[in-house]
Amino acid sequence: MKRIRNGLIIPPLILISLGLVELFFINRGLFLSQLSKVIIYSLLLAGFYFLIKKPYILNYGPIIYYISIPLLIATLLFGKGGVSRWIGVGALTFQPSELTKLGLIFVLGKTLSDTKKTIKTKLTKALIYTLIPFILVMLQPDLGTALTLLIIAFITIWVYGVDPMLIRLAILIPIAMLTSAHIVSTIIFYIMLLSLLIILKEPIYKKILTIGILTLTSLSTPIVWQKMLKPYQRDRLTAFLNPEKSLNKEGWQIYQAKIAMGSGGIIGKGPGKGTQKGLAFLPAAHTDFIFSSFGEEFGLLGLIVILFTFIIFFRTILRTLELKEGNEKLIVSGIFAYFFIHFTFNILSNLSLLPVVGIPLPFLSFGGSHLLTEMASILTLLKLEV
Amino acid sequence: MKPERTLRILLWIIVGIIIVRLFQYQVLEHKKLEILATYNYLKEYKIPAPRGNIYDRNGITLATWKPTFRIMAIPKFLSQEDINSIKTLFGELTINLDTLHQKGNYVQLKSMLTFEEVVKFLEEAPEIKSLVIDAEPVRTYSQDAKYASHLIGYVSEASQEEIEKFQLEYGDFIGKAGCERSLDTLLRGTPGAKFMALDSKGNLIDDNPRPPIEPKQGKDISLTIDIGLQKFADSLFQNYQRGAVFGFNIKTGEVIILYSKPYFDPTNITSSWKEYINNPEKPLINRCTQGLYPPGSTFKLLTALVGLYSQTLSENTAYYCSGGFAFGNRIWLCWKPEGHGTLGLIDAIAQSCNVYFNNVGAHVGTDNFMEILEKFKLPLKTEIPIPGEAKVLIPLEDLLKGRYILPSSVINWSIGQGEIQVTPAWLSLITGIIAGNGKCTLPKITKDEQEKHFNLNLPDEFYNVVKEGMRRVVESRNGTAGYLYDPQLKISAKTGTAQNPHGREHSWFTCFFPNNNPEYVITVLVENAGHGSEAAAPIAFQLVRRFVGEKN
């Protein structure tokens, strides 16, 4: 028990510290701002920890979800800047979509662990709970958060245990989306899909349903791509494929990130010696690209320290997951999904293996909203341990 | 499989991918990306190199440079707002601001500003961070450079074509004429670079992050002309509107004089461009190498060589001049109405008898005349390294293709009329070939150029006869320039009076000196000035007198 507790507290502390170190070298103002957030949130959440008992969290956690939905709508109506992701009260700005992720985790846990309802009702409800914020976030438009919500729901439902068809669908839908980019790949996809469905021994209605949903996906993806995505979003999504070619656009950041990390080498340029972030060549050096700017100054060794700290943290959550049952297990899996998606998307997009969708690196990136959500998630995990 | 287990495997897979990618970036590509990182924040800006100086043979500076200021833009960081304020600040600009980014990453907006103008700009300019003031070396010419303007040429901003061809940048200067053009690659120099550290928004972080690379001034060039002689030639031309003087050393090829009137002032060429272009006197034409004129009697030297070569003429051949020559149903008049009487070849050259040479031409025959000239393989250009030299038109079958050639054409050709058109420089080359008994070095404008030789391999007797005739032009009492005889100047020459459809005859005089060991050739052309002996010859004598006097 104590090991798990340590595994949940110490790695985040290390990561937050490393993030603060890097922020210190990027910009003193950013560093002080983040440091004050860390202190305020820690005190706030420590107070919560001692005041609130475990059943309260399980019962009242979903309230976060119900608070965040109106906030998301408010963001759409009164959002700041061209991308309405932020909501401001005075000088403070906040990104409610971060909170939605945690809210969704609680709501899904509570919904799916309800023993009085049938599986179908529960899944339908879970789907509706996911789609409402998903649509709101897509409207902002914030592709990264929308995707995170979907994957959180997917992993939670998967851990809950459902028909393999649904899992299969969840994996095949993105493939259907990708292959719809070209007619040839679409045809290949459907030939393989049909052969798979012939081999599988399943009721015919499930097979028809699978084909129906996937066909709908294949047909709607090009329409969404052309009509619903803004040019800057399309650029973001494709730039990572060829960052050198699309300098000055989205690819530029990724290219600069590559130069930052690559020029850092094995041991790095040394604290504060990074030229990429220091000269603001990486405009998002302190947020989405903190991994790269850390890599420029602390090299491969520094990045490996970060990676292994994350591994310890993730293994601890997975250990907890094994020990839990019911609602608690679902919440833990949601939280794991939350951290894991952020971790994967952020680092892989830094390494130009995935498109940049504006997802922060847990604990390290500058920003209060995600930090608060992350700390609240850890508080939840700790509370569940009691 | 339990989801926990799958997630654990997934975690390791992703961490594995990350580490492989990091290894690629930070170990395998480290060197390459490290270099990119340095280039990244250092932006390189060109420092134009001063052009090399141009001197005359005595080391007098004809062209040098001075620093001026210019305002440059970094188009990448120009916002629409900036463009608008630039428009209000400068008014009309020659460059289209909306396509500025296509012109490079450092583009000139205004040039040739004085210090006061720069101060004024700084006071009025709002904060346009993408504008930079820097110094630019600008070509300047001496007061006297205009007397040799066709040889020196001028510089001006490179055209789009030149920018592409020579990999220049917008606003760079390039030689457009004269040696500024032909020796541009030497004179241009190597631009340097200065560095600025900029962030992605174009904010200047450090204006001197690494020492600049100093530009290398272009090579200095010493021309073989003497600007004093050029100026002296100009004083001799004060009564004439148009003309040219060309002179060179037949042994080394060094050009000693290249004067063309009217001339232009290379200093203010851009501001007076329209004026020069519209001037009916065409001051931009280099009359020495681009002006084509009928050679008139000066061509008789070549006719004599053709005749001697054809064996229809010898030193002793005598013809009678009654004042006219009849061929077919036409009569060609000699310039001397009463006729020269019976003449030998030498006297015919000295007195420039038309009828004698009409006879020579008639005996050679039209086709034979062209064939022999073909065999001489004379160059049609002097290949002097000044751009735009015109090809002469002499009776060669290829050149006269499509023209109406009559059997009587040769009568005109023999006295340098008809289709024939030559430049003063080319005529100097012919005189040089005769003076050097067939051997002549082609003209060059700097000492360093390689010598190019021409050899017209004919028997020495041929040349000696012609040269004797040329000596008597000056030294014989009956010679066409006999009245100018000065025993101090050992000149051999030939006068020419070229009829032309544009008014009075052109006055020609071509000579070499000294007689016994020919070294220099000078040819003078005065447009529409009448007899060669009256206008051109005195000018040539004055020039030779001065040239020889200065040499001693």
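How many residues does the hairpin that joins β19(B) to β20(B) pass through? The hairpin joins these two strands through 2 residues. This is a predicted model, in which local features need pLDDT of at least 70, side-chain atom pairs count only at pLDDT 80 or more, and totals for chains, interfaces and linings use all residues. Residues are numbered from 1 along each chain as its sequence is written, while chains are lettered from A and ligands numbered from 1 in the order in which they are written.

- Strands here are DSSP runs of E of at least two residues, and helices are runs of H or I of at least four, both numbered from the N terminus.
- Strand β19(B), residues 492-500, pairs with β20(B) in the antiparallel sense over 8 bridges; pairing requires that DSSP finds at least two bridges between two strands.
- Within this pairing, B:T495 has B:F509 of β20(B) as its bridge partner.
- Strand β21(B), residues 520-526, also pairs with β20(B) in the antiparallel sense, over 7 bridges.
- B:V521 in β21(B) stands opposite B:F512.
- The hairpin formed by β20(B) and β21(B) has 6 residues between the strands.

**Chain A overall**

- Chain A contains 16 helices and 2 strands.
- Of its 386 residues, 44% count as buried.
- Among chain A contacts between residues at least 6 apart in sequence, 68% join residues at least 24 apart; a contact places two C-beta atoms, positioned from the backbone, within 7 Å.

Definitions and conventions: A residue is buried if 20 or more other C-beta atoms lie within 10 Å of its own, exposed if 12 or fewer, and partly exposed in between; C-beta atoms are placed from the backbone.
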